[in-house]
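Take a look at the sequence and the fold before reading on.

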Amino acid sequence: MVVGNCIPTSLNSMACKQMEHVTAGYLRQVLEIRGWLYEGQDGFRPRYSCKSQAVTVCQDIGGSLDEGVRTDAIIIDFSKAFDLVPRDRLLTKIAATGVGLRVVVRVKEFLLGRSQRVTVDGQLSEEVRATSEVPQGSVLGPLLFLASVNDIWRNTESNIRPFADDCAIYRKIMD
């Protein structure tokens with residue numbers, strides 16, 4: 001295994017993890033109360049599982065087959081998606097949810113000034129400054145990722161079923 005091919009995981013202090021829990025709890029509560037998260041988004045959310053999402057997609061496509069209607073589908077795996085989240089756009093989206101300025105500043109401080117490296121079989125990679133990423137292995141990371149992709153369903157006529165960092169897009173072929 002080559003160290004350069006590995007995905008870094010965030011190792012944070014206990015104080016940082018506590019701050020993440022408080023921030024994530026508040027942010028999740030605000031997003032849920034305001035109905036800001038896309039209802040079709042499963043994964044990275046309490047009571048929404050990737051398994052239930054897969055069942056929904058299979059039932060939808062199976063129903064089309066039962067009707068004798070074909071379905072086009074695209075399955076997307078956002079490979080290294082956490083690493084490619086533009087921070088400025090993410091912070092703008094979080095601010096647009098109506099959370100307090102303190103939360104936006106706290107998230108910004110959490111994301112800025114991060115560096116990362118990996119260890120594989122005792123071999124340590126060079127430290128790299130993280131310029132555009134949501135930290136994997138963090139408490140807050142998955143919620144921040146959801147906030148960054150939450151509007152993926154807009155401006156489409158297809159069914160979109162995001163689950164965690166994957167997405168199924170499909171629709172019936174009407175001749």
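## Burial and surface

A residue counts as buried when its relative accessible area is under 20%. By that cut-off, 37% of the 175 residues of the protein chain are buried. Please keep in mind that this is a predicted model.

Charges come as 21 positive and 21 negative side chains, with the centres of the two sets 8 Å apart.

## Overall architecture

The protein chain has 5 helices and 7 strands. Read from the N terminus, the elements follow the order α-α-β-α-α-β-β-β-β-α-β-β. Along the principal axes, the C-alpha atoms fill a box of roughly 55 × 45 × 25 Å.

## The largest nonpolar core

In soluble globular proteins, nonpolar side chains tend to be buried together. Here, the largest nonpolar core holds 25 residues, and those touching the most other members are Leu 27, Leu 90, Ile 94, Val 99, Val 107 and Leu 144. At least two residues of this core come from each of α1 (14–33), α3 (87–96), α4 (101–111) and α5 (141–149). The biggest contribution is from α5, with 6 residues.

Leaving aside residues up to four places away in sequence, Ile 94 touches Leu 27, Val 99, Val 104, Val 107, Leu 144 and Ala 147.

Conventions:
Residues are numbered from 1 along each chain as its sequence is written. This is a predicted model: local features need pLDDT of at least 70, side-chain atom pairs count only at pLDDT 80 or more; totals for chains, interfaces and linings use all residues. Side-chain values use heavy atoms; hydrogens and water are left out. A nonpolar core is a set of buried Ala, Val, Leu, Ile, Met, Phe, Trp, Tyr and Cys residues joined through side-chain atoms within 4.5 Å. Buried means under 20% relative accessible area, exposed over 50%, partly exposed in between (1.4 Å probe, protein chains only). Helices (H or I, at least four residues) and strands (E, at least two) are DSSP runs, numbered from the N terminus. Contact means heavy atoms within 4.5 Å. Lys and Arg count as positive and Asp and Glu as negative; His and the chain ends are not counted. The place of a charge is taken as NZ of Lys, CZ of Arg, CG of Asp or CD of Glu.
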